[in-house]
Amino acid sequence: MRVALVVLAALLTAGAAYAQLTPRLVAPLGPASVQEGHILFDDRCASCHGVDLQGSAGVPSLRGVGAAALDFFLSTGRMPASVPSLESPHGPPQFDRKQIDAIIAYVTSRYPGGPPIPRLAPPPPGVDARQVFELNCEACHGVYGQGAVVGYGWVAPPLNAATQTEIAEAVRIGPGMMPRFGPDEIPDAKLDALVRYVVGLHTNTYDPGGWEIGRIGPVAEGFVAWLVGLGTLVGLIRYIGTNE
Amino acid sequence: MIVRRLVLWLDDRLAIAPFMRHALRKAFPDHWSFMLGEIAAYCYMVLLATGIFLGLAFDPSGTTKVYHGPYTPLDGQVVSSAYASALAISLEMRGGLLIRQMHHWAANVFVAAIAVHAMRVFFTGAFRKPRDVNWMVGVTILLLALAAGFSGYSLPDDMLSGTGLRIAVSLILSIPFVGSWLEAIIVGGQWPQPQFSGRLFFIHVFLLQGLIVGAITAHVSILWHQKHTQFRGPGRTAKNVVGSPLWPQYAFKSIALMLAVAAVIAALGAYFEINPIWQYGDYQPAIVASPAQPDWYVGWLDGALRLGPALAIHLWGHTIPAIFWPGLVLPLAYFGVMYAWPFIERRVTKDERRHELLDHPYEVPVRVGFGVAALSFLAVLELGGSDDVLARFARIPVESLVSTYRAAVFLAPLALGWLAYRLAREMKARRSEGEELPGTVTAVVRNEQGGYEAVEVVTPPAAEGA
């Protein structure tokens with residue numbers, strides 16, 4: 001019993017001394033949001049991206065990536081990744097809005113630069129958003145924004161869960177295999193109209209012809225023609241075509 | 001009785017009684033597989049009926065106009081008149097979308113029915129002399145149906161079908177020496193040309209339908225003249241056809257089938273959306289979307305292009321593009337073998353006899369093996385044509401699928417063809433073993449001592465047909 005008490009006291013003393021004497025790697029600086037962002041970053045991001053945002057093997061550096069990229073990856077839940085060096089698919093964000101803003105404030109205060117979060121405005125009249133989508137987006141994302149493969153295991157994801165801001169950010173930063181579309185390719189006014197069109201693709205479903213069969217076009221139609229159409233008719237002739 | 005009075009009325013004027021007496025008594029074999037071709041024929045009737053409706057409402061001109069209509073995302077866009085009128089049929093005309101969707105579904109089921117009918121004819125040996133002629137007419141109908149389907153779904157001038165037409169024009173361009181001349185003749189210049197819409201309409205509505213109606217007439221007339229084949233069975237010989245007479249039994253079956261085909265096509269048109277051209281948008285050469293497939297019966301050609309190696313040949317300043325081999329030579333060779341099959345089989349088997357009775361598929365193992373191999377070759381190509389869709393849903397890199405299919409396009413026909421050949425041989429061997437002792441049954445009888453024993457009782461053989 002005495003031995004146990006001595007060991008416990010020794011452990012407590014050593015632990016307290018260790019906690020006091022271990023230096024903090026970088027002291028939090030600046031306004032409160034930056035400090036909070038710093039703590040969150042060191043806790044959840046630095047193990048891969050580095051305490052100095054330098055990145056590591058297979059992990060990109062975050063120096064000067066800009067607010068748009070940070071907001072896009074954090075608010076779509078793609079980061080922090082559950083598997084190191086492998087981006088997660090679109091899902092619920094792991095931080096709340098205030099925390100995301102704090103991380104953005106911290107990262108951009110240490111290494112400024114990069115595209116800012118696009119500020120969306122009501123689009124001016126006369127912008128043909130559909131034409132912008134047809135020319136730039138649907139080759140990979142499909143006519144419904146339903147997504148498609150783009151090769152080497154990459155997928156152009158479906159656009160049905162993204163917010164207007166997230167779509168605008170993706171256009172400006174070009175995440176993953178996606179090309180980056182700067183203001184020279186897609187001016188702000190066209191971007192404003194485009195994001196509304198894309199969100200409209202999944203909010204205004206328009207299928208006057210009946211069941212849309214998964215929206216994958218003639219592949220699904222072929223299955224229906226064979227299985228439902230010809231299948232029913234062959235079943236019928238087996239019934240009426242054979243005389244007992 | 002209405003039919004009786006009608007026949008008498010016509011007989012008074014046209015003296016049709018001898019023909020009708022013969023025709024109404026014509027025997028149709030009692031096996032369901034003989035109605036597969038009828039499904040195709042009735043699909044074609046639905047196609048003609050809905051096609052007349054669409055043809056009257058459709059404006060095939062390639063001029064452009066500004067779209068104003070109920071589909072607001074396209075409002076204010078400059079589109080072709082053909083596309084605008086296909087949209088108007090779909091979204092503004094009462095019942096227009098139903099008829100358009102029925103027409104499209106009927107085309108998809110039409111070609112499927114022809115394919116299954118051709119399989120039945122192939123695997124039972126119905127194509128043999130003297131029906132080798134009609135087999136070739138049938139292959140011609142299949143080819144014409146493919147052309148009619150492709151030209152038909154390209155008419156609305158939407159993005160998806162325009163992409164398909166662009167591929168077809170590229171295939172024409174890939175023909176050595178004459179490609180660019182042919183493009184100029186067919187398209188009327190370099191692709192795309194506004195006058196091509198009108199040409200395509202003529203090709204689809206007049207040229208191909210005239211040829212198909214003619215070919216179907218020939219097909220049915222030859223069938224009528226040569227009479228049906230039939231499976232072997234009691235009382236069935238090379239000189240007769242056992243079955244139901246046309247009137248009244250078979251006629252009612254056939255009318256029931258006609259109504260069922262119309263009902264199934266109408267249900268498909270009413271409940272299943274097909275080819276939503278408003279979503280695809282009008283065709284502009286710079287625009288393409290993914291996933292992009294043709295209708296199923298062209299999918300194997302798309303697959304051949306996707307799986308074909310990128311081997312362009314440069315000879316004496318001329319280039320034979322890579323797509324020439326999988327896109328043109330391969331389908332021509334495939335159809336060439338189909339046309340020639342009755343003669344190939346005759347050459348190999350040295351069988352010059354006339355055949356009125358059918359084989360069961362297993363009875364000719366080599367034919368079964370070859371047919372299964374040819375079908376699995378097509379199936380792999382068809383899978384290749386939809387590789388991006390499978391890659392998406394199965395989360396497999398599309399490149400892995402392509403290399404797998406490239407191997408499978410050779411291995412699957414060999415493996416499946418061999419398997420079918422072995423199975424057929426096995427079945428044939430077992431059946432003929434059983435047939436060596438006709439009429440012999442084992443029975444358990446009580447003997448004189450009061451015990452039981454098994455004896456073989458020989459009964460007189462049943463009356464053998466053929």
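**Helix packing and burial**

Modeller: In chain A, helix H4 (residues 67-75) and helix H5 (residues 97-110) cross at roughly 145°, and their axes come within 10 Å. The model is a predicted one, in which local features need pLDDT of at least 70, side-chain atom pairs count only at pLDDT 80 or more, and totals for chains, interfaces and linings use all residues; side-chain values use heavy atoms, with hydrogens and water left out. Residues are numbered from 1 along each chain as its sequence is written, while chains are lettered from A and ligands numbered from 1 in the order in which they are written. Helices (H or I, at least four residues) and strands (E, at least two) are DSSP runs, numbered from the N terminus. Axes are lines fitted to C-alpha atoms, for helices over the stretch in contact, and angles run from 0 to 180 degrees between N-to-C directions.

The crossing of H4(A) and H5(A) is right-handed. A crossing gets that name if the near helix is turned clockwise from the far one by less than a right angle, and is left-handed if anticlockwise. On the H4(A) side, the contact (heavy atoms within 4.5 Å) is made by Ala67(A), Leu70(A), Asp71(A), Leu74(A) and Ser75(A). H5(A) brings Arg97(A), Ile100(A), Ile103(A), Ile104(A), Val107(A) and Thr108(A). An α-helix has 3.6 residues a turn, so residues three or four places apart point the same way. Sorted by class, the contact of H4(A) with H5(A) has seven nonpolar, two polar and two charged residues. Here Ala, Val, Leu, Ile, Met, Phe, Trp, Tyr, Cys and Pro count as nonpolar, Asp, Glu, Lys and Arg as charged, and the others, Gly among them, as polar.

Chain A has another pair to look at. Helix H6 (residues 129-136) and helix H9 (residues 188-203) of chain A have axes that come within 8 Å and cross at roughly 80°. That angle makes H6(A) roughly perpendicular to H9(A); the cut-offs are under 35 degrees for roughly parallel, over 145 for roughly antiparallel, 65 to 115 for roughly perpendicular, and oblique for the rest. From H6(A), the contact uses Ala129(A), Arg130(A), Val132(A) and Phe133(A). From H9(A) come Lys190(A), Ala193(A), Leu194(A), Tyr197(A), Val198(A) and Leu201(A). This contact has eight nonpolar, no polar and two charged residues.

In chain B, helix H3 (residues 36-57) and helix H5 (residues 96-123) pack at an angle of about 155°, with their axes 8 Å apart. H3(B) is therefore roughly antiparallel to H5(B). Their crossing is left-handed, and the contact has 18 nonpolar, six polar and two charged residues.

The largest nonpolar core has 118 residues, of which Ile39(B), Phe110(B) and Val261(B) touch the most other members. Such a core is a set of buried Ala, Val, Leu, Ile, Met, Phe, Trp, Tyr and Cys residues joined through side-chain atoms within 4.5 Å. Buried means under 20% relative accessible area, exposed over 50%, and partly exposed in between (1.4 Å probe, protein chains only). H5(B) gives the most to this core, with 16 residues. Leaving aside neighbours within four places in sequence, Val261(B) is in contact with Leu233(A), Ile39(B), Tyr42(B), Cys43(B) and Val46(B). A second, separate core has 19 residues, among them Cys137(A), Ala162(A), Ala168(A) and Val195(A).

Helix H4 (residues 81-91) of chain B has ten of its eleven residues buried, so the rest of the structure largely encloses it. The cover over its buried residues includes H3, strand E2 (64-66), strand E3 (78-80), H5, H9 and helix H11 (277-280) of chain B.

Gly327(B) sits in helix H13 (residues 324-349) of chain B and counts as buried, because its relative accessibility is 7%. Beyond four places in sequence, Gly327(B) touches Leu171(B), Leu301(B) and Leu305(B). Leu390(B), in helix H15 (residues 387-394) of chain B, is partly exposed, with a relative accessible area of 34%.

As for the whole chain, chain B has 16 helices and ten strands, and 46% of its 466 residues count as buried.
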